[in-house]
Amino acid sequence: GDSRRSSLQGATSPGARPFIDFAFSNQSIWGCRNRIGSATELRMPHRDDPGRRRLPHLAPRESSNRSVILYVTQVVAHRRLLLTRPPAMETLLREWQRADNWLVGRYVVMPDHLHFFCSPARIPLIPVTHWMAYWRSQVSRAWPWPNEKPVWQKDFFDRQLRQGESYFEKWCYVRENPVRAGLVDSADDWPWQGEMHPLMWHDAH
């Protein structure tokens, strides 16, 4: 409710601009207005349960004439509210930039989990499980608050997008998460979102 919004806004430095201001095209942001309801809801089991099965991570289907874009959700260990702080985000974005076997496209960071889209930087691709393990370990190593380690849940959710339109539709849904959580009134007001690399869909027949 209001108390949760107040506490989280305090953690995100009210009024601060995004510390890395990746520009979106007008279509990317404003084109979502009438499309929210058309996207399939994307969820991950948000719980720390050592007894639950590990999530499947299928190897992406590669094709010489079709883009590979994955949707990924990563949760903080024990669902702690660690991520929406400038030093944390600076660390995350820096390590994403360095871990360049996959390119991060659009992302939304929530206090206790994050969503992003990514695409391999080269073919043959490095398994996404290896890339995820690498950048998570690098973020943990550089984490500004050592007493908060471990930072991440051990597993993550990923899904390969099957068509170009689904990237836009899923982004329109995902960027509304802060609104659904009651943290802001408009997705445009959430500072913890951006785009590192434009991920273009290519599907030649």
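Predicted model: local features only at pLDDT ≥ 70, side-chain atom pairs only at ≥ 80, totals over all residues.
Two strands pair if DSSP finds at least two bridges between them.

**Strand S2 and its setting**
- Strand S2 covers residues 102-109.
- Seven of its eight residues are buried, so S2 is largely enclosed by the rest of the structure.
- In a regular strand, side chains alternate between the two faces of the sheet.

**S2 with S3**
- Strand S3 spans residues 113-120.
- S2 and S3 run antiparallel, joined by six bridges.
- Three residues lie between S2 and S3, and the two strands form a hairpin.
- Leu103 stands opposite Ser119 of S3.

**S2 with S5**
- Strand S5 is made up of residues 193-195.
- S5 pairs with S2 over three bridges, in the antiparallel sense.
- Arg106 has Glu195 of S5 as its bridge partner.

- Is Glu95 buried or exposed? Glu95 is buried, because its relative accessible area is 4% and buried means under 20%.
- The side chain of Glu95 makes a polar contact of 3.2 Å with the side chain of Arg98.
- Leaving aside residues up to four places away in sequence, Glu95 touches Trp135, Gln138, Val139 and Ala142.

Notes: Residues numbered from 1 in each chain as written. Heavy atoms only, no water. Buried < 20%, exposed > 50% of the residue type's maximum accessible area, 1.4 Å probe, protein only. Polar contact = N/O pair within 3.5 Å; in protein donor to acceptor, adjacent residues only side chain to side chain. Contact = heavy atoms within 4.5 Å. Helix = DSSP H or I, 4+ residues; strand = E, 2+ residues; numbered from the N terminus.
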